[in-house]
Amino acid sequence: MTLLIQTLIQGISLGSIYALIALGYTMVYGIAKMLNFAHGDVIMVGAYTIYSTILLAHFPGWLGVISAVVFCGVLGVVIEFLAYKPLRGAPSLNVLITAIGVSYLLQNMALLLFGGNQKSMLPDSFDFPDVKIGNTGITVTGEVIFTITLTVVLMVALTLFINKTKMGKAMRAVSEDKDAARLMGINVNRTISVTFAIGSILAAFASLCYGMSYAYIKPTTGSMPGIKAFTAAVFGGIGSIPGAMLGGFVIGILEKLSSAYISTQFTDAIVFGVLIVMLVVRPTGLLGKKIREKV
Amino acid sequence: MSDRKTVMSVNGTEMFSPPSNILIPTRDEGKKPVLDVRGLGIDFGGLRAVDEFTITVSPTEISGLIGPNGAGKTTVFNLLTNVYKPTRGAILLDGHPTAGKSVAQVNRMGIARTFQNIRLFDQMTVLDNVRVGMSNNTRCNFAESFLRLPGYFKAEKRSRERALELLSIFNMESEAYTLAGNLPYGAQRRLEIIRALATEPKVLLLDEPAAGMNPSETHALMESIRQIRDQFGIAIVLIEHDMNLVMGVCEGIAVLNFGKVIAKGTPDQIKNNEAVIEAYLGRQEKKEA
Amino acid sequence: MKKFLSKINRRDALTLLVLVGIFAFFFIMLQTGAASHQFKNMIIPMTYYILLAISLNLMVGVLGELSLGHAGFMSVGAYTGCFLSVMLVEHFPDLPMFVYLPVAMLCGGLMAALFGVIIGIPALRVKGDYLAIVTLAFCEIIKTVIINLDFLGGAIGFDTDKIVPDRNKALTLLPYAAFAVIVSAILIMNLVRSKHGRAIMAVRDNRIAAEACGINVNFYKVAVFGIAAFFAGVAGVLYGHNDVLLKSSTFDFNMSIEILIMVVLGGMGSNMLGSVIAAVVMTALPEILRDFSDYRMLIYSVMLIVIMLFTSAPALAGIRERLSLNFIKDAVTKRIAAAKAKKANKTKEEQK
């Protein structure tokens, strides 16, 4: 029982990271109708930004986080402007390949700047104290509490932003119908830029949580969490914001449960297997909209 | 066939052969209808998009399906081709029920159609579009295709010749090697009809064949529709808003409004039918006492 | 000869000619010893990447379904074929290569095709980006399962060095590789130019209309999954025989993506020539850029982005038109079309 609860808590923590990344995938997909394959690598960039400001330049921790958030946000907008905007209207597969090119570019820049060896991302001072829950024998690490709290705060903020602000309304409008939104006087280009910025900022926070849980980073760090988060977004129904949150948590919990109870080696296979079954049963994901093809 | 003979049971209710609803052209007298649709209906959510749709079409009849926008005409075509699964009712093609068949199987049974919003294979040539229609009538298995055995060349030659022959009905053989997506609008509509004919149907469903055509093109289309009927000996059901075409070419007409058939008959009967005039022009103020 | 050429599509003939030319060039380079060590190591990879690109083009360009699992099919073929070869070499040491290598290729291909069909059936339910994820997930599952199979070497890898003991592997393998690729290319192109190929392209262009034409869409989708997987499997067998150690972690989605890049850059669709050329160039590119040492992958990624922007940005369509030889192509197509139309009219008149 203790193990189960502990595994679930770990799963929620991992799921939070996936959910934060998945939100970036799903928002960009919803609005720009493209798979931003480079999104996973934005996490890596965020991680290296935190690493350089705190460990290399010896700035205080909060400045590291802020610089990662700012840098990733700007990076997201720049990538969109240089690589994706010129391709608006091109076949989606070509945009996907460009995104893959951006992903390679980010990884190789990091490789040149920091080398291929893995680095410890955060100083020891970033450790939070563990929390013991009564005498149940359950210990929750400070990192887990921090990750879950941060994720919940960000999700609430995002939901409020999407539903209550003018920009949020514009984003929903653009994701429904780009042309109609443009005719209503919405600046589509700016809306897309903001979407990329928000997605990348969430990725920067995800990189902080990732660094706290896994400690080590290297240029390919973003790749696997990126793919997993992408699966989470698809699982929840790509384009759907609650879907991405839900998908992230489901994938995270599933991963921790299967590695605790079934097999660590087969964890990935089990997660992907569940994903396939899920998509075959519900081809548009958990909360994805069913599109009726008009004949 | 007696009028009250039990034909089949659908959803537990016995279906009876109804009296023929549309005038059978004299040349088809005594022949069984090729298309026999009974009590067809479909609900989208709570909306009865089509209800109690019953018509019969005799083997070489040209019939029209008309009605205001949103009346459910295209939905009827989608039901006839099993794109939508009917909630109620049954479709008999040459006496065989089409229930439970896939769209492709219904086509192979003998119903071919065109689409209101043209659906061609844009990246393929005009000739290949027609040959896709002939797929099920071209005998050439995978081994013959992979290895170019003699059967392949025979099938290719036959299908090319037949496709060019079909194209010549609409004088399109000179466009055979153009990409279908590059054709002008009117030609695309004609190509869709040819492609549908290539599947060797018994019933051809045309969804607004004259849409976007100018009067002279429409006139030529009328001639072509009659020619197709005579040459192929098939039944044609068409949805059309161009009343000149409908009244000029159709032998029987059914009028649909809010998913229900409000009138059936010859063009002359339909022209003077009050319910039809009302559906199109709105209710006239009745003098009230 | 002219009659023969008119029977097979001109573009396919050109593709075959290019393929034969490439292999002849490789062979001469190897025979004369003119090939540098670096070039020698590229030759067999180029051949199997050609095959991978053509088969993925069948899937993505002809059927129009995005697959990110091609490396998975490749690994199934590689492991099946190499396992078989190792067994045969161990038990029948005198068995010549021209017996066991083709057998291994065929069996590897068939096993991959089986997996293709198994994956293709559930994949029928999903489409577009969702299909890409399902195929990617299958690829990852295959990878994870193979790592945990001890008889296939597990995490250490499967030793395939003893299959081809020759030191000059490239020269030994090239005839088989060239034969396999040319035969596969012919088979695939034959399929595309047949009734079945037209049906597959019809599914790509308009699924609903294809169904309305009586085409069994599901059958063709699964069939293409199987066929494309078969050839990916054959390529995998080549990969395994050329390598000394099979590690399932190499067959990850990055490899699938590499193949996809070739297909997209080569221009998707019924013409396979683009895939062939892109496969050769993209395999050679990282090696050619090796002189830039640390910067080579950086340059590769920048080139990839720039090429994509240049070839597909809608704003640059005008420049592309001016730079490319499209106007020549258009003129030629027009002339061919006119000639064909004239012929068609003539036959029609004769019939009358």
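Residue E211(C) lies in helix α9 of chain C, which spans residues 207-212. The model described here is a predicted one. E211(C) is buried, because 24 other C-beta atoms lie within 10 Å and a residue counts as buried when that number is 20 or more. When its neighbours within four places in sequence are left aside, E211(C) is in contact with V217(C) and also with two residues of chain B, V103(B) and A104(B). V264(C) stands 53 residues from E211(C) along the chain, and their C-alpha atoms are separated by 27 Å.

The surroundings of this residue belong to chain C as a whole. Chain C has 352 residues, and buried residues make up 52% of them. Its secondary structure consists of 15 helices and two strands. Of the contacts in chain C between residues at least 6 apart in sequence, 80% join residues at least 24 apart.

A further meeting of chains B and C involves two helices. Two packed helices are described by the angle between their axes and the distance between the axes. For helix α3 (residues 126-133) of chain B and helix α8 (residues 195-205) of chain C, the axes come within 9 Å and cross at roughly 100 degrees. The helices α3(B) and α8(C) are therefore roughly perpendicular to each other. On the side of α3(B), the contact is made by D128(B), R131(B) and V132(B), and on the side of α8(C) by R198(C), A199(C) and A202(C). The residues of this contact divide into three nonpolar, no polar and three charged.

Across the boundary, 11 residues of domain 1 of chain B are in contact with 11 residues of domain 2 of chain B. On the domain 1 side, helix α6 (residues 185-198) of chain B gives the most, with six residues. The residues of that side comprise seven nonpolar, one polar and three charged.

Chain B also contains a pair of strands. Strand β11 (residues 252-257) and strand β12 (residues 260-265) of chain B pair in the antiparallel sense over five bridges. One of the residues involved is A254(B), whose bridge partner in β12(B) is K264(B). The two strands, β11(B) and β12(B), form a hairpin with two residues between them. In the turn, F258(B) has a positive phi of about 50 degrees.

Key:
Residues are numbered from 1 along each chain as its sequence is written. Chains are lettered from A and ligands numbered from 1 in the order in which they are written. This is a predicted model: local features need pLDDT of at least 70, side-chain atom pairs count only at pLDDT 80 or more; totals for chains, interfaces and linings use all residues. Helices (H or I, at least four residues) and strands (E, at least two) are DSSP runs, numbered from the N terminus. A residue is buried if 20 or more other C-beta atoms lie within 10 Å of its own, exposed if 12 or fewer, and partly exposed in between; C-beta atoms are placed from the backbone. Two residues are in contact if their C-beta atoms, placed from the backbone, lie within 7 Å. Two strands pair if DSSP finds at least two bridges between them. Ala, Val, Leu, Ile, Met, Phe, Trp, Tyr, Cys and Pro count as nonpolar, Asp, Glu, Lys and Arg as charged, and the others, Gly among them, as polar. Axes are lines fitted to C-alpha atoms, for helices over the stretch in contact, and angles run from 0 to 180 degrees between N-to-C directions. Angles under 35 degrees count as roughly parallel, over 145 as roughly antiparallel, 65 to 115 as roughly perpendicular and the rest as oblique.
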